Each structure stands twice: as C-alpha cells, then as structure tokens.
Amino acid sequence: MSTAPADPTASIDLNADLGEGFGRWRLTDDEELLSVVTSANVACGFHAGDPATMRRVCDRATERGVRIGAQVSYRDLAGFGRRAMDVPPDELAAEVAYQIGALEVFARAAGTRVSYVKPHGALYNRVVADEEQARAVVAGVLLADASLPVLGLPGSRLLESAEKAGLPTVTEAFADRAYTDEGTLVPRGSDGAVITDADAVVERSLGMAGSGVVTSLGGREIAVRARSLCLHGDTPGAVGLARRVRAGLESAGVRVAAFA
C-alpha cells in the first residue's frame, strides 16, 4: 500500500481527546499534546473533565492556536462514557447542548469559541448506526449553535443527520484503533482493538492521509478518506506517538492544519 500523499496539496487535521481528568485525577498529558495536535476534543464534564480542567485546557489551547471542540458524551463519569446507555432523545439533546454551552463559557473567556462538536465513547459508537440517537445529538448541536461542524465516522448516521439539518460535517479516521471489515471501529474489549505499536500507527496514518485506505483487522482494505485524524490521549505513550505521527506526515509532504 502506497503511503505517499494523494496530491501535493494534501492536508489533515490532528485531533486528540484532552481534559480527561476530574479533580486531582488526570489522565491525559494536555500540555504536551497541545504542542502536537491542531484540534482538541475537550471533555465537558459528563464522561470526564471539570470546570477548572476545562478552563485550563481552553486557555492553553488558545495560546497555542489549537482549535477547541466539545467532546460530548453520555452522563457516565464512573464508566468514562464507554458504557452503553439508553437516553430519551429529548433528554440527550438537552444534555448535548448543555455540554457545549459549558465549554463555550471557558472558550470565550480564553478569547476564542468552540469550533466543532464530537461525541465520545459509547455515544460515538451508538450514533454510527442509531438514527434516533444521532438525530438527538444533532438537535443538541442545533440548540447550542447551528453553525458548529460535527466530527464523526464516514458513513455514520450522525453525519447523515447533521447534513440533513444543514450542519457542516467533517469525517475522521483513527490512527490507533483497529477497523472492522465494515469500516467501523473494533470494540475496545476485543483483541487488537487499540494499536500501540508506533511504527504501525505512523504507517496507518500515512496511508489514511495519502491513499485514504487502511487495512482492517480482518485484512481488508477499507476506504477512510477523512479530513481529521484522531490520536487518543489515553493511549500508552500518547505524546511520543503523536509526535511521531505528525513528523511522519510532514516528512511525507502532508500539511497538518486544523479543519475549523
């Protein structure tokens, strides 16, 4: 598989999940990751994050020119937003709007705005195929700000619903997560779901940014043409991995730049 960029003007955004701590507990190395990524998916308090953390990440992101995204989730601090939940659509829409609004306060205080919305964990996976929950997320975004782009998996019900509602949409791919033959993410509880080998992650990133394909866990080539590439902040060695990915992309002639 060729890892060369598809054209000399190729560019891609690098996003990572940040602010994933609570109180004295911290999970992500926000300071270091903000020196690498171009977009920060900031936890809004439902799966992780608290007001002080949200404010600190917004301040640091603004200082470094990193775009701020609201990473909305189910109300699940104990399960880190990764447990399946059934939330009535009206309630979910209100909770999505609430999370965006909370982060917007701190983004404005830092001198910027929330630039996009991305679901987290179980909600992200649910809205790939669940149209009702996808519409609820979109309704929440519309309630908060009808101009906000929605970041999600190509072909998902979320992006379809967002497009129908007139919201800008941005497709993303995952450098450090395995794909099924159908183009969805392998569940985290499965063997091989998270890829930690640095060489493999860099090679996959180049393939995604260049030819727009990645090899699934089952050995099939999957089309994953995306405008943004996600690196998980809680992956072991996340900072070093992110630096290697960015260096590899830039060495291959890919411009790393925020989409928003």
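How many salt bridges does the structure hold? The structure holds 17 salt bridges, a salt bridge being a side-chain nitrogen of Lys or Arg within 4 Å of a carboxyl oxygen of Asp or Glu. The model is predicted: local features need pLDDT of at least 70, side-chain atom pairs count only at pLDDT 80 or more, and totals for chains, interfaces and linings use all residues. Residues are numbered from 1 along each chain as its sequence is written, and side-chain values use heavy atoms, with hydrogens and water left out.

**View A. Salt bridge between Lys118 and Glu172.** The side chains of these residues meet at 3.2 Å, N to O. Lys118 belongs to strand E4 and Glu172 to strand E6 (residues 169–174), so the pair ties together parts that are 54 residues apart in sequence. Helices (H or I, at least four residues) and strands (E, at least two) are DSSP runs, numbered from the N terminus. Lys118 is buried at 2% relative accessibility, and Glu172 is buried at 1%. Buried means under 20% relative accessible area, exposed over 50%, and partly exposed in between (1.4 Å probe, protein chains only).

**View B. Salt bridge between Arg113 and Asp145.** The closest N and O atoms of this pair are 3.9 Å apart. The pair links distant parts of the chain, 32 residues apart: Arg113 is in the loop between H3 and strand E4 (114–119), and Asp145 is in the loop between helix H5 (131–144) and strand E5 (150–152). Arg113 is partly exposed, with a relative accessible area of 40%. Asp145 is also partly exposed, at 22%.

**View C. Salt bridge between Arg157 and Glu160 in helix H6.** Here the closest N and O atoms are 3.5 Å apart. Arg157 and Glu160 are 3 residues apart in helix H6 (residues 157–164), which means that about one helical turn separates them. Arg157 is partly exposed at 31% relative accessibility, and Glu160 is partly exposed at 33%. Elsewhere, salt bridges that share partners join Glu31, Arg60, Glu63 and Arg64 into one network.

**View D. Crossing of helices H2 and H3.** The axes of H2 (residues 51–63) and H3 (residues 89–109) come within 8 Å and cross at roughly 45°. Axes are lines fitted to C-alpha atoms, for helices over the stretch in contact, and angles run from 0 to 180 degrees between N-to-C directions. H2 and H3 are therefore oblique to each other; angles under 35 degrees count as roughly parallel, over 145 as roughly antiparallel, 65 to 115 as roughly perpendicular and the rest as oblique. The crossing of H2 and H3 is right-handed.

View E. Phe22 is placed in the loop between strand E1 (11–18) and helix H1 (30–33), and Phe22 is partly exposed at 42% relative accessible area.

**View F. Backbone of Phe80.** Phi of Phe80 is near 60°, a positive value in a residue other than glycine. Phe80 is found in the loop between strand E3 (67–72) and H3. Phe80 is buried, with a relative accessible area of 12%.

**View G. Ala129 and Ser156.** These residues are 27 apart in sequence and 6.3 Å apart in space, C-alpha to C-alpha. Ala129 is in helix H4 (residues 121–129) and is exposed, with a relative accessible area of 59%.

Definitions and conventions
Left-handed = near helix turned anticlockwise from the far one by under 90°.
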